[in-house]
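This report goes through a structure that has two protein chains in contact. It covers charged pairs, the interface, strand pairing, record annotations and backbone geometry.

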Amino acid sequence: MELTATTTIRKPAAEVYAFWLRLENLPMFMAHLEEVRSTGDRTSHWKASAPFGSAIEWDAEVIEEVPDELVAWRSSADADVPNTGRVRLVPAPDGVSTEVHVLLSYDIPGGDLGKAVAEYFGEEPHQQLDDDLRRLKQVMEIGEVMRSEGAPWGKRARKEFPQRPAQPLPPDELAQEART
Amino acid sequence: MKATTWAGRNKVEVRDVPDPSILNSRDAIVRITSTAICGSDLHLLDGYVPTMQDGDVMGHEFMGEVVEVGPGVEAGRLRVGDRVVVPFPIACGVCAACAAELYSCCENSNPNAGVAEKMFGHPTAGIFGYSHLTGGFAGGQAEYARVPFADFGPLKVDGDLSDEQVLFLSDILPTGYMGAQMCDIRPTDVVAVWGAGPVGQLAMDSARLLGAAQVIAIDREPYRLRMAEDAGHTTVDFSEVDIRSALLELTGGRGPDKCIDAVGLEATHGSAHIHVYDRIKQAVRAETDRPHALRQAILACRNGGVVSVIGVYTGLVDKFPAGAWMNRSLTLRTGQCHVQRYMKPLLKRIERRELDPTRIITHTLPLDEAPHGYNIFKRKRDNCEKIVLKP
């Protein structure tokens, strides 16, 4: 399965590139990622939430790097769900913004795991990536993920529709939110 | 705290809800001193704006005193104790839309942008108390409200102006003004305004301020027409005369040079069978909006004129007169108001007494009586034009 999405961020390419190159930043805005940490110069360990409550983990390595223009990575050979990703940055015509073009590719296996992954992405798998990029834009432009009373969970927003009512959160919900 | 909440179609309730808290670093909490019921709140009440949920706090016209600021708010911009009017569109001030002063199209303020995008093609900004489509933000018909981007949107005002003089800077005064401004008014222009509700009245005053030769108010409620007449505008009662003929008569057969639709999606038509046609299509969801005012404005407008739309539309309309629009060189301009663009200049105009938005206030009620307020505003009882609520 291939997913593409694009957004325009009002920041220079160098800044967007530097942000993306720190893979630890990715879980801030990518809904399915719980953690990404560097394990070497070009290698990293990824952990994603899975629909059946457990997590999928894999190692990845950067396979292509052009400063301020492109970064691409792929999972190691033993990954349960082999995947590759590629981010291409293009200066926008306005002279101040950067177009971010993302391509994610998943080799969805057969069996229960494959079914679970397909179910996780749902009927509109690209919607999740669109929402991820919207949050990337928020993080880069306003410094954080935008929250409202109806959607206070930041990157979990899409999964929570219909939402909680648009009224202030009671203290226990706020405390729970602070923990997640 | 007490807050006015949506409790299903045609039902609002004042309920006890938790006090608001800071959710983003540039938030502030405002203790509300005055808030108002807007005509567009009636679209929510009547169930024409999708994605409302039971318990949603209503209200997007409010002002008050800052009681708490988030860690991202610079003290030079806003402090606890400041008196502020809050603009209804939530706008970050840094995205490309905000840089172009298109604040109601802010690209970062709507957490539910994906939903809005499905409905509109591209997403729009967050709005206080105005459905989950515009973000799911709690509104301001309450004792307190959380205000995002508090260092950018809210307008600080001095104490020598009353709440009533500045409250409408939150929405209806800038909205009416933008309606007139989009008309590019010239001194020879006759401007016709469909709808003599609060926004229509302020659009009329703005059109005159911007130099229109004559301003015509179109409505059918005698008290609203009288209010327009008292303010010096010409009036047409569409329940008594054919609008097009009346407008031709008033303009020597030319038609108004500029037309403003201050009605929107719940219009009433003078001709019963056309109204029934649209009402039925709306009821079975084959059409979301009843665009009578928009149709009439396009058909009535002079060749080469401007039709400026500030009445709210949410979805699809039927029988849009594209032929009249195209063949007669009309310009259609519209938008949810970019309030932040107009607050400071309009505050100056209020200070200079060039505009007096208080003239439309007919009722001041305690917050507890919000359901009664919604009822008389919706049914146009008790000569209700504009209600200010005091929490």
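How many salt bridges does a search of the whole structure find over all chains? The search finds 33, a salt bridge being a side-chain nitrogen of Lys or Arg within 4 Å of a carboxyl oxygen of Asp or Glu.

The model is predicted, so local features need pLDDT of at least 70 and side-chain atom pairs count only at pLDDT 80 or more, while totals for chains, interfaces and linings use all residues. Residues are numbered from 1 along each chain as its sequence is written, chains are lettered from A and ligands numbered from 1 in the order in which they are written, and side-chain values use heavy atoms, with hydrogens and water left out.

**Salt bridges**

Two of the pairs are listed here.

| Residue | Partner | N to O distance |
|---|---|---|
| A:Arg74 | A:Glu61 | 3.8 Å |
| B:Arg146 | A:Glu149 | 3.5 Å |

Helices (H or I, at least four residues) and strands (E, at least two) are DSSP runs, numbered from the N terminus.

**The interface of chain B and chain A**

The contact (heavy atoms within 4.5 Å) takes 42 residues from chain B and 29 residues from chain A. B:Leu23, B:Asn24 and B:Asn108 supply 20% of the area that chain B buries against chain A, more than any other three residues. Together the two chains bury about 2800 Å², with 54% of it on carbon and sulfur atoms; buried area is the accessible area (1.4 Å probe) that two parts lose on being put together, summed over both.

Across this interface there are 3 salt bridges and 21 residue pairs in polar contact, both residues at pLDDT 80 or more. A polar contact is a pair of N or O atoms within 3.5 Å; within protein, one must be able to donate a hydrogen and the other to accept it, and residues adjacent in sequence count only if both atoms are side-chain atoms. On the side of chain B that touches chain A, the elements giving two or more residues are helix 2 (96–99) and helix 3 (113–120) of chain B. Helix 3 of chain B gives the largest share, 5 residues.

**Strand pairing in chain B**

Strand 3 (residues 28–36) and strand 4 (residues 61–69) of chain B pair in the antiparallel sense over 8 bridges, where pairing requires that DSSP finds at least two bridges between the strands. In this pairing B:Ser34 stands opposite B:Met63 of strand 4. Strand 4 of chain B also runs antiparallel to strand 5 (residues 83–86) of chain B, joined by 4 bridges, and B:Phe62 has B:Val86 in strand 5 as its bridge partner.

**Record annotations**

UniProt places "domain: Alcohol dehydrogenase-like N-terminal" (unreviewed entry) at residues 26–151 of chain B. That span is 15% helix and 24% strand, and its end C-alpha atoms lie 7 Å apart. For "domain: Alcohol dehydrogenase-like C-terminal" (unreviewed entry), UniProt lists residues 198–268 of chain B; this span is 41% helix and 20% strand, with end C-alpha atoms 17 Å apart.

**Positive phi**

B:Lys319 is not a glycine but has a positive phi of about 50°, and its place is in the loop between strand 14 (306–309) and helix 11 (322–327) of chain B. B:Arg353, not a glycine either, has a positive phi of about 65° and lies in the loop between helix 12 (339–351) and strand 16 (363–366) of chain B.

Technical notes:
UniProt positions renumbered as here; feature names shortened; annotations may be inferred.
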